[in-house]
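Subject: Handover of a protein structure

Dear colleague,

Please find below the structure that I am handing over to you.

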Amino acid sequence: MLGRKFRYNRDVWWKTLFKELGLKRMDPKWIHDLTLQYWKIYAANSPPFRDAEPTGRRLKREGYRLGIVSDSDGTLGMKRKRIRQVPFHDLFEAVVVAGEDTPRVKPGHESFSLIARKLGVEPRSSVYVGDNPRTDIEGAKAVGMISVIVHRRGNQGGTPDYRIPYLHGLPRLVRTIQRPKS
């Protein structure tokens, strides 16, 4: 909606919607309160995939460093707050909110470079796992990361290095990637 610049800002969404509906100018505080309510309801009704926690715990036990790169929700601090509400958020050593911690949202490469720096790893020795071919592949590859797409919900397109149908296949894939080539 309204192009990349305002894609995530729900306050702008509501103003645009109300204008399209012919409603008079709405109070900005009321609109922002509506946005906060939207995110509260959204978070309560979009739990993590069932394989996310066991996969994260397994990778952590195997010694991998885990981080999150996620786009801003358009409401400063909201995405970070939503991440902290995930019961297993403590598995992640670093979080980058693209568009807040960096000038651009994904696929801008800055967030991918930043997460590697925060984790103290080289991008070329990192595996970036995402679920959106449009935003997750280009930026990761731009900094030299290996890209993996979890092929859920019919997400097509892009040219990731690997595709997996579910997260629970990730530990095996990562071990395979790390084996020295003969």
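Helices (H or I, at least four residues) and strands (E, at least two) are DSSP runs, numbered from the N terminus. The model is predicted, so that local features need pLDDT of at least 70 and side-chain atom pairs count only at pLDDT 80 or more, whereas totals for chains, interfaces and linings use all residues. Residues are numbered from 1 along each chain as its sequence is written, and side-chain values use heavy atoms, with hydrogens and water left out.

Overall picture

The protein has eight helices and five strands, and their order along the sequence is α-α-α-α-β-α-β-α-β-α-β-β-α. Taken along the principal axes, the C-alpha atoms fill a box of roughly 70 × 30 × 30 Å. Of the 182 residues, 40% count as buried; buried means under 20% relative accessible area, exposed over 50%, and partly exposed in between (1.4 Å probe, protein chains only).

Salt bridges

A salt bridge is a side-chain nitrogen of Lys or Arg within 4 Å of a carboxyl oxygen of Asp or Glu. By this rule the count is twelve. In helix 4 (residues 52–61), E53 and R57 are four residues apart, about one turn of the helix, and their side chains meet in a salt bridge (3.0 Å, N to O). E53 is partly exposed at 29% relative accessible area, and R57 is partly exposed at 29%. Helix 3 (residues 28–44) holds D33 and K29, which also lie four residues apart; their salt bridge has an N to O distance of 2.9 Å. D33 is partly exposed at 35%, while K29 is exposed at 54%.

K79, in helix 5 (residues 78–84), is buried, with a relative accessible area of 12%. Its salt-bridge partner is D73, with the closest N and O atoms 3.6 Å apart, and D73 is buried at 3%. A polar atom of the K79 side chain also lies 3.0 Å from the backbone oxygen of D71. Finally, R58, E62 and R175 are linked in a network of salt bridges.

Which residues are buried in helix 2? They are R10, D11, V12, W14 and F18. L17 lies in helix 2 (residues 10–20) as well, but L17 is partly exposed, at 37% relative accessible area. Just after this helix, G22 takes a positive phi of about 80 degrees. Most residues other than glycine have a negative phi, and most peptide bonds are trans. A cis peptide bond joins K106 and P107, with omega about 15 degrees; P107 is in the loop between strand 2 (94–98) and helix 6 (110–119).

Strands 3 and 4

Strand 3 (residues 127–130) has a covered face, Y128 and G130, and an uncovered one, V127 and V129. V127 is partly exposed, with a relative accessible area of 32%. Strand 3 runs parallel to strand 4 (residues 146–150), and four bridges join them; two strands pair if DSSP finds at least two bridges between them. V129 stands opposite V148 in strand 4. Together with helix 7 (residues 133–142), these strands make a right-handed β-α-β unit: with the strands pointing away from the viewer, the path from the first strand over the helix to the second runs clockwise.

Yours sincerely

Methods: Polar contact = N/O pair within 3.5 Å; in protein donor to acceptor, adjacent residues only side chain to side chain.
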